[in-house]
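We will start with the whole chain and then zoom in, stop by stop.

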Amino acid sequence: DLFNLHATLGFPADMAMQLARDLGLTPDVPEYERLWEEHVRISGAGRKGPTAVAVDLTRFDKTDDSPKHGGMTTEAAILGWVVDDQAVTEGRLGEDDSAAILLDRTTFYAEQGGQVGDIGAIQTATGRFDVAATVRKGDWVLHFGTVAEGTISPGERAMVRVDQRRADTMRNHTATHLLNWALRRVLGDHVDQKGSLVDPDKLRFDFSHGQAVSPAEIAQVERLVNEKIRSDVPVSATVMALDEAKKLSGVRAVFGEKYPDPVRVVAVGTDDPAREATVEHSIEFCGGTHLTRTGQAGFFKIIGEESVSKGVRRIIGVTGRGAVEFVQELERQVRGVSQALSAPIEEVPKRVAALQEQIKILQKKLQSGGGGTQDPKAFADSMMEVSGAIVAEYAGASGEQLLGAIDSIKKRRPSHAILLASADEGKVSFVAAVSDDWIAKGFKAGDWIRDVAKIAGGGGGGRPQMAQAGGKDPSKLAEALEKAREIARKHGA
């Protein structure tokens, strides 16, 4: 099941295993690994690259990869290589030949624990081999790549050099530990790591949390991490007995993960976790490569927060050069908006909010049947052909525009009974005007508008000649206007 989820649906195996453990199930890890290696071998048939990991490597001495924690370069001997599912200890590799080289020792980090494998070069007296991927197979480290120039032969001494992008990976890895610590400080101790990925470009951290992390919480997490970076505290790695390490204050480990004994403990903020570890320090079991001091991370920025599955959230962050580039691009975009709005950067949020409000008003006016509001005179002109009482909606009009339209109509119709209405922003406005000859027949503006406004959930009144009213329910406007026409007809209009 784990294999099918990964190979067919692309669901991460480590996350599937964690979910299974949470449900009380026991993942058959050896069988999953067997199926996956077989899948890799078959799907990679005829292709070059990091797929030949099913080969038996026992003929080679085990790889000493302890130099990976000491620097970016080391000297080593070439033991041989793997090509076409065969282990080779004699002959030579020529230019453009691809293989997976094995060394007696290496400073390359093989992909493991969420940290990607290193790239770089293996240089001998006769040629250079460019490493495109580094993969661990049990006690051996395979350096996949291609001969870039010259030839490579077993037994040669080589200078092993990791690409400088490893430094960016280390920044992101140390920042991941700080992020894990900060999330627990801000969100609570229920936060548990559910997966991670660290490469030169970014860090990705999955953790248990039942809801989206709010912008305020993200800002607080960023602040805590950057405070640790600015403090330039030490990052230490100590090998300890597993039982002793588990007792360290604030120590974190991935639930269900099997750790070696002794275990490597990475502590941020102290050189002596056995004596000085507190909840103010990030303490984790980790075999990855890290900075020596937090200040080397430069700057940390969260660039994404999303849901991965029920109860699991994901944060994506960047450090160092990547964080600076992200902020610079963000500033460039904001300045573009600022120029488009002809407003200072600090005024952009207010201007955008104002534009959004204008859009909302225009959309409501469009929904009511008009793309804009006629001027009062033009609206009055459109009403002059109406016989009898004039009852109409003046879409989107303000109270002043309603009165202006009423005045324009009155000037050209000495005998009149006029009721105009406008709906806007969740309210209704009514204005009515009645000439003296209508009033003599018992038809008064105040009474008329009061009965009409009640239909729209409001009220009002005024003099017999002129009255105003308001309503609270724009959805009732059409019904209210029909009521106005009905009342006018009863008075002979």
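Here is a short tour, from overall shape to single residues.

Keep in mind that this is a predicted model. Begin with everything shown as a cartoon: the protein has 14 helices and 20 strands.

Of the 493 residues, 43% count as buried. If you colour by charge, look for 62 positive and 70 negative charges, whose mean positions lie 8 Å apart. Among contacts with a separation of 6 or more, 64% are between residues 24 or more positions apart.

Time to zoom in. Select aspartate 84, in the loop between β1 (73–83) and β2 (86–88). Its phi is positive, about 55°, although this residue is not a glycine. Is aspartate 84 buried or exposed? Aspartate 84 counts as exposed because its relative accessibility is 68%, over the 50% cut-off.

Move along to aspartate 96, in the loop between β2 and β3 (98–103). Here too is a non-glycine residue with a positive phi, near 75°. Aspartate 96 is exposed, with a relative accessible area of 54%.

For the last stop, select aspartate 261 and proline 262: a cis peptide bond joins them, with omega about 10°. Proline 262 sits in the loop between β11 (251–252) and β12 (263–268).

Conventions
Residues are numbered from 1 along each chain as its sequence is written. This is a predicted model: local features need pLDDT of at least 70, side-chain atom pairs count only at pLDDT 80 or more; totals for chains, interfaces and linings use all residues. Side-chain values use heavy atoms; hydrogens and water are left out. Helices (H or I, at least four residues) and strands (E, at least two) are DSSP runs, numbered from the N terminus. Buried means under 20% relative accessible area, exposed over 50%, partly exposed in between (1.4 Å probe, protein chains only). Contact means heavy atoms within 4.5 Å. Lys and Arg count as positive and Asp and Glu as negative; His and the chain ends are not counted. The place of a charge is taken as NZ of Lys, CZ of Arg, CG of Asp or CD of Glu.
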